[in-house]
Structure formats: structure tokens, C-alpha cells
Amino acid sequence: MSKDENVKTIRFPVKTDEKLVIIANKCGLSKLDLFVFMVDYFYKTKKDPRDLNDELLKNAINRKTDNIVAFIRTQEQEFLMPLKKDSERMINSQLKIVDYFNQYIIAHNKEQKEAYAAQRKAIEEIVKYLQIIDRLQLEKRNLKARFKSILEHYVSQRENLNVFAKQADKDELVRFAREHLESL
């Protein structure tokens, strides 16, 4: 600032001077420097110093706010609404998949589980019958072997008997064969 202090003089009330001193002290300026800055401020901003509400500032803020709101609405229309619609479609698709899964897949799995249980039961029955057949086959072989030994004994003893053998020996041989056949 220029230091030529006595170029022009302004007279104002003492109360205004007190306010001017307080403002100058807050800003760290002299009264003259503060006055020069105030004049420059009002000159550059073209504001009316009588307008305490600062309508120009309000209008500028409102314009900026309106621009921001318009930008947000544009973003909402271009990005958020399509994203929301896509999300809703995706959620509906997922719900349809879950319904299909619950309706068909779970029912199919239940049927498969029941079929598996029935197959398992049938296989267990088959194994049981095969074991019985195996045991009966073994018994049949043992029975044949025992029968064969009885028959072999009978044949060998019969050959040993001749025409002159006693009837009691023949009866004893028949009784022995019958007893062993009965014990089978």
C-alpha cells in the first residue's frame, strides 16, 4: 500500500472508528490499509456494501448448488437408475434360480436318495440270498460227500458178501446204510 496518508480525509463517527479498529486488529492491518482493502473488495466484487444479506453471494451459491444438484440428478439418471434396474433384474433371476433349485433339484435329490436307499436294500437282500445259496451249496456238497461215502461203504461191503453170506449180515448192512442216510 502507499504510505501517502494525507491525500484525502473521511470523517465518520467514533463508534464506526471503534469497529474499524477492531476489524483492522483482527486482520493485522492499519486502519488505512483496511480501508484501502475494503474499497478494493467492493470495487472488484461489485457488491453493494449496504446489502448485509449479500444477495450476489447467495445467488452465486444457489447457482452452484443448483449445478451440483443437476449433476447429481444426471448421475442418478445415467448411472444409479440403470444400476438399480440391473440389480433388481439380477435379484429376480437369482430368486428364479433358487425357486427352480428348490422345486426341481431338491426334489430330484430326494428321489435319488430314496432310489439309492431302495437299491441298497435290494442289494442287501441279494447278498443275503447269495449267502444262503452259498451255504446251501456247501451243505449240498457235504451231503453228497457223505452220501458218496455211505454208498461206497455199502458197495464195498456188499461185494464182500457172497452168496453164502448170512441174512443177518445183509440185514445189518442195510440197517447201517439206512441209519447213516437218515442222519444226513
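1. E125 and K128 form a salt bridge in this predicted model, their closest N and O atoms being 3.9 Å apart. A salt bridge is counted where a side-chain nitrogen of Lys or Arg is within 4 Å of a carboxyl oxygen of Asp or Glu. Both residues belong to helix 3 (residues 55-160), three residues apart, or about one turn of the helix. Helices are DSSP runs of H or I with at least four residues (strands are runs of E with at least two), numbered from the N terminus. E125 is partly exposed, at 30% relative accessibility, and K128 is partly exposed at 40%. On this scale, buried means under 20% relative accessible area, exposed over 50%, and partly exposed in between, with a 1.4 Å probe and protein chains only.

2. Residues are numbered from 1 along each chain as its sequence is written, and side-chain values use heavy atoms, with hydrogens and water left out. As the model is predicted, local features need pLDDT of at least 70 and side-chain atom pairs count only at pLDDT 80 or more, whereas totals for chains, interfaces and linings use all residues.

3. On confidence: pLDDT is the predictor's confidence in each residue, from 0 to 100. The protein chain has a mean pLDDT of 86, and 95% of its residues reach 70 or more. Confidence is highest in helix 1 (residues 14-27), at a mean of 93, and lowest in helix 4 (residues 167-183), at 79. Where pLDDT is low, the predicted coordinates should not be read in detail.

4. K128 takes part in a further contact. This residue lies over the face of Y129, at 6.0 Å from the ring centre. The criterion for a charge over a ring is that NZ of Lys or CZ of Arg is within 6 Å of the ring centre and within 35 degrees of the ring normal.

5. The salt-bridge count for the structure is eight. One of them joins D17 and K31, with the closest N and O atoms 2.7 Å apart. This pair links distant parts of the chain, for D17 is in helix 1 and K31 in helix 2, 14 residues apart. D17 has a relative accessible area of 22% and is therefore partly exposed; K31, at 38%, is also partly exposed.

6. E179 is partly exposed at 43% relative accessibility, and R175 is partly exposed at 37%.

7. The structure holds two aromatic pairs. The ring centres of Y41 and F42 are 5.3 Å apart and the planes stand at 75°, so this pair is edge-to-face. Y41 is partly exposed at 41% relative accessibility, and F42 is partly exposed at 31%. Y100 and Y104 form a tilted pair, 4.7 Å centre to centre with 45° between the planes. For these assignments, rings of Phe, Tyr and Trp (its six-membered ring) pair if their centres lie within 6.5 Å; planes under 30 degrees apart count as stacked, over 60 as edge-to-face and the rest as tilted.

8. Y100 and Y104 both lie in helix 3, four residues apart, about one turn of the helix. Y100 is partly exposed, with a relative accessible area of 48%, as is Y104 at 43%.

9. A nonpolar surface patch is formed by I10, F12, L32, F35 and V39, which together have about 410 Å² of accessible area. Patches are made of residues with over 30% relative accessible area and no salt bridge; like charges are joined within 9 Å, and nonpolar side chains (Val, Leu, Ile, Met, Phe, Trp, Tyr) within 5 Å. Accessible areas come from the Shrake-Rupley method with a 1.4 Å probe, and for residues only the protein chains shown count as cover. L32 lies in helix 2 (residues 31-45) and is partly exposed at 34% relative accessibility.

10. Two distances complete the note. The C-alpha atoms of L95 and Q137 are separated by 61 Å, the residues being 42 apart along the chain. For L136 and E124, twelve residues apart along the chain, the C-alpha separation is 18 Å. L95 lies in helix 3, and L136 is found in helix 3.
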